[in-house]
Each structure stands twice: as C-alpha cells, then as structure tokens.
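Subject: Handover of the model and notes on what was found

Dear colleague,

I am passing on the structure that you will be working with from here. Please look it over first, and then read the notes that follow it.

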Amino acid sequence: MNEITPRVLIDNIEVDFTEGTYQLNGGLTAATLQFKISTRQSNYRKFWNKEVLFFLDRHDTIPLFRGYIKRIKEEFDYFEIFAQDAFGYMVKGGNKEMAKIALDKHDNLDGNTVSGAIKLAISKALLSTRIKTDIIGDTTPLISSSRPPLRGTLSLLDIIKELLKRAVDNSVTPPRPNIIKIVDDGDNSQLVIEQEVDVDTAPIQMVFTEKDNITKLKIIDKKIPTIVIVNGYKGVKGTFSHDSAIAAYDRNYLEVRNTALKSPAECRDFAQKLFRANLESKYEYALDTFEGMYLSENDVIRVETEDAKFTGNYRVRGKKITFTPSSFSIGLNINRKPPTLAEYISRQDN
C-alpha cells in the first residue's frame, strides 16, 4: 500500500492538525469531519461556518469531504472542530433548526418530477449556493410530485424523503427504491439520485478477504420479519407469513404501506417479496480494513470468508476514517439491506 498524507483546508488554506475522524453514515444523514488543531494557529471565532475540505492524500484533486464548520470546542492547547457536509443544513442539531419551506395551493412544488421538485425546494430554502443539482438525474420510475401534492410547512429533508419514498420500482424483484447522495465534482457538493443497486448484478468495486485486507470483522445476525403486513391503496391489505421461518426465528412482525398496490393479491405478493429480501440479507458486516477509502454509499463489494454462509456481495452503507498527518484506518458498514423498508415506505406503528 502506498503511503498517504491526509490534509485539511479551512477556507482554502491548509491547516496543521493532530488527528481527525471522517464519518459517513449514509441514508440522508450528514457526513461529519472532526479534527484538532493547535490553539496557536488562529482565533477560533473566525472559523465559524467556513468551508472545510478533507483530502485523504496530498495528491487527490477531489476532496473526500466538503462541508462547513458547525461547532468548535476550545481546550487548553487545541481547538476541536466539527463540520458537516451540505446535508447538515437539512438536519436539526444543537440550537440549529433544519431548513424548511412553506407550501400551499399558490406556492408549491406541483407539476415536477422528483428531481425538479427537489431542485425547486432547495432554491426556495435558499440553499442553492451550498448544494448544487447540476447532475442530479431523476428517479426510476419517473413520478410526479403532485400525487398527492405536498402542503404545509415542511422540512427540506422530509420533502426529499417523501418524494423518494414514492419512487419505488415494482417491476423488479425485490422492488428497488431510489436514494439520493452527495458527490463532489471538485468545485461543489452535488446531489445525485440513484436507484439502489442490486447486490447480485451490480459491478463489484472491491473484494475483501480475511487473508488480504480485512483486519477485523464483526458479523451481526439480524432479526428476520416472519409475518409481513402490507397496507395498500384505500384500505386494501394483505399478509404473508412463513411457518418454517416462524419456527426458526419466532414471530417477528413488519408492517408497511405501499399505496401503489390496489388489491389484496398485490399486497400479499409484495409482502412475500419483502420477506424473501429480508431472509437473503440476514447478515450484516462491520469490517476494519486498510483499503476502500474511496468507496461510496451504494457501491457493491464482495466479502469472502472461510464460512460460506457469510460470503457474498454487499452494499456499502457508510464508512469511518480516522487519520493523523501520516496515517489512517478505515471501518466500513456494509449490508444486503432489503430495499423498500422503513425509509422508503411508511412503517406503521404496531
């Protein structure tokens, strides 16, 4: 492995740091960067809301992180600086409110696709200088933001979640939702809409083995829903249960809503697809490694272990990189998360 030299810039000026942590959790949450600099460098007050760039290696031309300083903690001999990427403007934290807009029958997002509605919502929230949409793309399938129309004072994050939740591709098995993430084009943070990848057919970006590049491996055995209830259009519903799975895993319930389904048969079919998707993704991995630093959310990797039941393709959900001026370590969160669950279809409270 080639030696790397991480660097951090504040307002386009490189700063000396002692240690730091970059964390990406994915799923419409803000990526964060925390790092420490000496109190001798500057008056911390001038750092508020300044742009921060983090390059994992001095030779990189595109930053791994672009964000804005949200909090500074002053200690005796150092400042600990906390920054969030552009999603940070959409989430609530400390005394900061999330970005919101008011929508009514006169001023709204009606008549747009998901992409067009998100662009307009960002403009109305006055965030166009922080989050660009030049390469955003659109959902598969294309849907209208008017069905049903969005009304009231809504957070930008809830608007995006609601619109993406409606755009589920039911033409494939299992059904595949769309996600939105931030990529950096070298000059700006750009929102990009993608269909969530199928781990069995998408190109594999990297292979991880216990022999070659996994330093620590944690396997999480998840709870499998064995009774799935799907609520469809106008009170239509259907239930799928699996006797053998109940005997093996006990009675675990999952209830979701999908208003695109208009008959009990469609609801039952969708329920069995969700059951099988969960069964196939029974295991999650958290692994420590020294490779994969440039993997992003929705990339597919392959994990190979001596135990065949754990070997397979996995979707990257997030990563954590701890670094010093001359070293780094990586933790990856990966899974075969069943698509079309709580963040894409409204989960009902049991």
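Lys273 counts as buried, because its relative accessibility is 15% and buried means under 20% relative accessible area, exposed over 50%, and partly exposed in between (1.4 Å probe, protein chains only). Its side chain meets that of Asp269 in a salt bridge, at 3.4 Å from N to O, where a salt bridge is a side-chain nitrogen of Lys or Arg within 4 Å of a carboxyl oxygen of Asp or Glu. Both residues lie in helix α4 (residues 264-280), four residues apart, which is about one turn of the helix; helices (H or I, at least four residues) and strands (E, at least two) are DSSP runs, numbered from the N terminus. Asp269, for its part, is partly exposed, with a relative accessible area of 34%.

Before going further, please keep in mind that this is a predicted model, in which local features need pLDDT of at least 70 and side-chain atom pairs count only at pLDDT 80 or more, while totals for chains, interfaces and linings use all residues. Residues are numbered from 1 along each chain as its sequence is written, and side-chain values use heavy atoms, with hydrogens and water left out.

Salt bridges elsewhere

The structure holds 17 salt bridges. One of them joins Glu162 to Arg166, with the closest N and O atoms 2.9 Å apart; as these two are four residues apart in helix α2 (residues 156-166), about one helical turn separates them. Glu162 is partly exposed, at a relative accessible area of 22%.

Glu19 forms a salt bridge with Lys36, and here the closest N and O atoms are 3.7 Å apart. This pair links distant parts of the chain, since Glu19 is in the loop between β2 and β3 and Lys36 is in strand β4, 17 residues apart. Glu19 counts as partly exposed, at 41% relative accessibility.

Arg7, Glu14 and Arg58 are linked in a network of salt bridges. Glu14 has its place in strand β2 (residues 13-15) and is partly exposed, with a relative accessible area of 38%. The side chain of Glu14 makes a polar contact of 2.9 Å with the side chain of Arg58; a polar contact is a pair of N or O atoms within 3.5 Å, of which, within protein, one must be able to donate a hydrogen and the other to accept it, and residues adjacent in sequence count only if both atoms are side-chain atoms. Leaving aside neighbours within four places in sequence, Glu14 is in contact (heavy atoms within 4.5 Å) with Arg7, Val8, Leu9 and Arg58.

Strands and their pairing

An open sheet of three strands has the order β16-β15-β17, with mixed pairing, and two strands pair if DSSP finds at least two bridges between them. β16 (237-241) and β17 (253-257) stand at the edges, each with a single partner strand, so one side of each is left without a neighbour in the sheet. Strand β15 (residues 227-231) pairs with β17 in the parallel sense over five bridges, and the bridge partner of Val228 in β17 is Leu254.

Elsewhere, strand β11 (residues 176-184) and β12 run antiparallel and are joined by seven bridges, with Gln195 in β12 as the bridge partner of Asn178. Of the seven residues of strand β12 (residues 189-195), six are buried, so that the strand is mostly covered. The hairpin of β11 and β12 has four residues between the strands, and in it Gly186 takes a positive phi near 100 degrees.

Backbone points to check

Most residues other than glycine have a negative phi, and most peptide bonds are trans. Leu28, although not a glycine, has a positive phi of about 60 degrees; Leu28 is found in the loop between β3 (20-24) and β4 (32-38) and counts as buried, at 11% relative accessibility. Asn298 is not a glycine either and has a positive phi of about 85 degrees, in the loop between β18 (283-289) and β19 (300-304), where Asn298 is buried with a relative accessible area of 3%.

A cis peptide bond joins Thr140 and Pro141, with omega about 5 degrees, and another cis peptide bond joins Arg147 and Pro148, with omega about -10 degrees. Pro141 lies in the loop between α1 (114-124) and β9 (152-155), and Pro148 is likewise found in the loop between α1 and β9.

With best regards
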